[in-house]
Amino acid sequence: MNIDGFSLGNPGDYGFGGILRDSGGQWLVVYSGFCGHTTNVLVEIMTTYQGLFLAWNSGYRHVICESDSMNALNLINNQNSALHPHAPLINRIRSFLDKPWTLS
């Protein structure tokens with residue numbers, strides 16, 4: 001799974017997109033969306049959530065998530081983000097970590 005967000009400013013108008021590919025590089029699912037006027041952190045977190053949601057619901061159980069946003073990855077992996085403004089979405093992403101699949 002390759003994911004990325006894009007923007008016109010920070011904050012600004014944001015969109016996101018991603019692709020799920022098989023181990024041979026063939027495209028399986030492509031997705032994109034528009035987040036409206038928001039920050040780059042939220043769009044990267046939203047992109048991660050959408051990709052994991054699609055992967056799980058499409059039945060893929062061995063997923064490698066590639067993102068260029070260390071900030072989003074740190075928020076997802078940091079247990080001290082309970083007071084972050086985007087904590088509810090971060091927690092929804094974390095719930096995917098507990099599912100019976102291989103996710104890295």
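The second largest pocket is lined by Thr48, Leu52, Cys65, Leu73, Ile76, Asn77, Ile93, Leu97, Leu103 and Ser104. Helix 1, helix 2 and helix 3 are the elements that each give two or more residues to this lining. Helix 2 gives the most, with 3 residues. The pocket holds about 200 Å³ of space. Its lining has 7 nonpolar, 3 polar and no charged residues.

This is a predicted model, in which local features need pLDDT of at least 70, side-chain atom pairs count only at pLDDT 80 or more, and totals for chains, interfaces and linings use all residues. Residues are numbered from 1 along each chain as its sequence is written, and side-chain values use heavy atoms, with hydrogens and water left out.

Some terms come next. Helices (H or I, at least four residues) and strands (E, at least two) are DSSP runs, numbered from the N terminus. A pocket is found on a 1 Å grid over the protein atoms alone: it is an open set of points where a 1.4 Å probe fits, with protein on both sides within 12 Å along at least five of seven lines. Lining residues have an atom within 4 Å of a point. A volume is the space filled by probe spheres set on the points, which are joined across faces, edges and corners. Ala, Val, Leu, Ile, Met, Phe, Trp, Tyr, Cys and Pro count as nonpolar, Asp, Glu, Lys and Arg as charged, and the others, Gly among them, as polar.

Now take the helices around that pocket. Which residues of helix 2 are buried? They are Ala72, Leu75 and Ile76 (buried means under 20% relative accessible area, exposed over 50%, partly exposed in between, with a 1.4 Å probe and protein chains only). Seen down the axis of helix 2, these buried residues fall within an arc of 100°, so they line one face of the helix. The arc is that of the directions from the helix axis to the C-beta atoms. The face turned away from the buried side carries the exposed residues Met70 and Asn77. The buried residues of helix 2 pack against helix 1 and helix 3.

Helix 3 spans residues 87–97, and its buried residues are Ala87, Leu89, Ile90, Ile93, Arg94 and Phe96. They cover an arc of only 160° around the axis, which puts them on the same side of helix 3. They pack against helix 1 (40–57), helix 2 (70–77) and strand 5 (102–103).

Look at Ile90 in helix 3. Ile90 is buried, with a relative accessible area of 0%. Beyond residues up to four places away in sequence, Ile90 touches Ile45, Leu75, Ile76, Ser81 and His84 (contact means heavy atoms within 4.5 Å). Ile90 and Leu75 are 15 residues apart in sequence, yet their C-alpha atoms are 7.3 Å apart in space.

Turn to the strands. Strand 1 (residues 2–9) and strand 2 pair in the antiparallel sense over 8 bridges (two strands pair if DSSP finds at least two bridges between them). Ser7 has Tyr14 of strand 2 as its bridge partner. The two strands form a hairpin with 2 residues between them. Pro11 sits in that loop between strand 1 and strand 2. The peptide bond from Asn10 to Pro11 is cis, with omega near 0°.

Strand 2 also runs antiparallel to strand 3 (residues 27–38), joined by 10 bridges. Gly18 has Tyr31 of strand 3 as its bridge partner. This second hairpin has 5 residues between the strands, and Gly25 there takes a positive phi near 95°. How many residues of strand 2 (residues 12–21) are buried? The count is 8 of the 10, so strand 2 is largely enclosed by the rest of the structure.

Thr38 lies in strand 3. At 11% relative accessibility, Thr38 counts as buried. Leaving aside neighbours within four places in sequence, Thr38 is in contact with Pro11, Gly12 and Tyr14.

Of the 16 residues that line it, the closest to its centre are Met1, Arg21, Asp22, His62 and Ile64. Strand 2 and strand 4 (62–63) are the elements that give two or more residues to the lining. The largest share, 3 residues, comes from strand 2. By class, the lining divides into 8 nonpolar, 4 polar and 4 charged residues.
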